[in-house]
Amino acid sequence: MSKERARRRAAREAQAARERVVRQRKLARRQRRRALVRRVTPQWRRGRTGRLARRTRGERAAIIGLTAAALALIWVFVDDLALRVALVVLLLLVLPAIVVIALDRRI
């Protein structure tokens, strides 16, 4: 009787060992696949970083829209080309100060 139990136990242990090997292979394959996917996919920075990220999407849209409108008005209403260029350069130089004053925050 004990020989029979020992033989069954050995068979169970052998089966468990085979299943363990299969599980380890699957796990290793899954880890390799995940590592490959991590290497291939671009890494997106989480959170807000940089100068423009301190503004909300609406604030950035308003800044760009109002600047484009000011540029359009300059090009429509000013006839002299030299004055147009000077006003555009002045607008772009003063734009950060206008943003800080209007939004009451530093860039």
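In this predicted model, Glu4, Arg7 and Arg8 are linked in a network of salt bridges, a salt bridge being a side-chain nitrogen of Lys or Arg within 4 Å of a carboxyl oxygen of Asp or Glu. By this rule the count comes to two salt bridges. In one of them the side chains of Glu4 and Arg7 meet with an N to O distance of 2.1 Å, while in the bridge between Glu4 and Arg8 the closest N and O atoms are 3.5 Å apart.

Helices here are DSSP runs of H or I with at least four residues, strands are runs of E with at least two, and both are numbered from the N terminus. As for accessibility, buried means under 20% relative accessible area, exposed over 50%, and partly exposed in between, with a 1.4 Å probe and protein chains only. Glu4 is partly exposed because its relative accessible area is 29%, Arg8 is partly exposed at 43%, and Arg7, at 53%, counts as exposed.

Helix α1 spans residues 2-40 and also holds Lys26, which is exposed, with a relative accessible area of 52%. Lys26 gathers with Arg29, Arg30, Arg32, Arg33, Arg34 and Arg38 in a patch of positive charge on the surface. Such a patch is made of residues with over 30% relative accessible area and no salt bridge, like charges being joined within 9 Å, where the place of a charge is taken as NZ of Lys or CZ of Arg. Lys and Arg count as positive and Asp and Glu as negative, whereas His and the chain ends are not counted.

For the protein as a whole, the secondary structure comes to three helices and zero strands, in the pattern α-α-α along the sequence. Of its 107 residues, 8% count as buried. Among contacts (heavy atoms within 4.5 Å) between residues at least 6 apart in sequence, 40% join residues at least 24 apart. The protein exposes about 9,700 Å², of which carbon and sulfur atoms supply 61%, with areas from the Shrake-Rupley method and a 1.4 Å probe.

Residues are numbered from 1 along each chain as its sequence is written, and side-chain values use heavy atoms, with hydrogens and water left out. Local features need pLDDT of at least 70 and side-chain atom pairs count only at pLDDT 80 or more, whereas totals for chains, interfaces and linings use all residues.

Terms used:
Patch = residues over 30% accessible without salt bridge, like charges linked within 9 Å, V, L, I, M, F, W, Y side chains within 5 Å.
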